[in-house]
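Please keep the sequence and the model in view while reading.

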Amino acid sequence: MGLEEDIKQGRKFKNEYEKLIVNLIYTNSWISEQQLNMFKPFGISSAQYNVLRILRGHYPKPCTINSIIDRMIDRMSNASRIVDRLEAKGLVAREVCLVDRRAKDVLITQKGLDLLNEIEVSSKLWMERFEKINEDRIKAANNLLDELRTLQD
């Protein structure tokens, strides 16, 4: 099914550029919904998953909240609140920063590492669905998306 059918668009797009932007927004929403359904059984959100992956990438070293924010996919997310929720679940721990005693370092716990390993099984199955698309087309799509983000006003 094409975009027009998916969104039940009665009229044609003004041009392919407009269609691309609408398609990106619609597809982002679709992927977000898919991820929500994938993470729901594990009791976390996609933003929490993103923070856990960032912390795993630094493990065994801790991260500051600012370094987490710099690496987050959704920069509009409130990293402090996400870390609070992950800490309440025992998936991360906060420690006093040795360099700046006013700051707190965040470290993924073994429980957090174990949860990520469990999620990776579902994530791998979900990602395998995309392997039906030729890798050259995937590379071209990645290049296009990278190019779109370099456009200036």
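A residue counts as exposed when its relative accessible area is over 50%, and as buried when that area is under 20%. The model discussed here is a predicted one.

Q: Is lysine 111 buried or exposed?
A: Lysine 111 has its place in helix α6. An area over 50% is the mark of an exposed residue. The relative accessible area of lysine 111 is 51%, and therefore this residue is exposed.

Q: Which residues does lysine 111 touch, not counting residues up to four places away in sequence?
A: Isoleucine 82 lies 29 residues from lysine 111 along the chain, and their C-alpha atoms are separated by 16 Å. With residues up to four places away in sequence left out, those touched by lysine 111 are Lys89, Gly90 and Leu91.

Q: Which residues does isoleucine 44 touch, not counting residues up to four places away in sequence?
A: Isoleucine 44 is among the core residues that touch the most other members. Setting aside residues up to four places away in sequence, its contacts are Phe39, Tyr49, Leu52, Lys89, Leu91, Leu115 and Ile119.

Q: At roughly what angle do the axes of α3 and α6 cross, and how do the residues of their contact divide?
A: The axes of α3 and α6 come within 11 Å and cross at roughly 115°, and the crossing is left-handed. On the α3 side the contact is made by Tyr49, Leu52, Arg53 and Arg56, and on the α6 side by Leu113, Leu115, Leu116, Asn117, Ile119, Glu120 and Ser123. These residues divide into six nonpolar, two polar and three charged.

Q: Why are the buried residues of α5 on the same side of the helix?
A: The buried residues of α5 are Ala79, Ile82, Val83 and Leu86. They lie on the same side of α5 because they cover an arc of only 100° around the axis. What covers these buried residues includes α3, α4, β2 (92-96) and β3.

Q: Is aspartate 70 buried or exposed?
A: Aspartate 70 lies in helix α4. Glycine 57 is 13 residues from aspartate 70 in sequence and 14 Å from it in space, C-alpha to C-alpha. The relative accessible area of aspartate 70 is 53%, so this residue is exposed.

Q: What is the form of the peptide bond from tyrosine 59 to proline 60?
A: Most peptide bonds are trans. Proline 60 lies in the loop between α3 and β1 (63-64). With omega near 10°, the bond from tyrosine 59 to proline 60 is cis.

How values were computed. Residues are numbered from 1 along each chain as its sequence is written. This is a predicted model: local features need pLDDT of at least 70, side-chain atom pairs count only at pLDDT 80 or more; totals for chains, interfaces and linings use all residues. Side-chain values use heavy atoms; hydrogens and water are left out. A nonpolar core is a set of buried Ala, Val, Leu, Ile, Met, Phe, Trp, Tyr and Cys residues joined through side-chain atoms within 4.5 Å. Buried means under 20% relative accessible area, exposed over 50%, partly exposed in between (1.4 Å probe, protein chains only). Contact means heavy atoms within 4.5 Å. Axes are lines fitted to C-alpha atoms, for helices over the stretch in contact, and angles run from 0 to 180 degrees between N-to-C directions. Helices (H or I, at least four residues) and strands (E, at least two) are DSSP runs, numbered from the N terminus. A crossing is left-handed if the near helix is turned anticlockwise from the far one by less than a right angle, and right-handed if clockwise. Ala, Val, Leu, Ile, Met, Phe, Trp, Tyr, Cys and Pro count as nonpolar, Asp, Glu, Lys and Arg as charged, and the others, Gly among them, as polar. The arc is that of the directions from the helix axis to the C-beta atoms.
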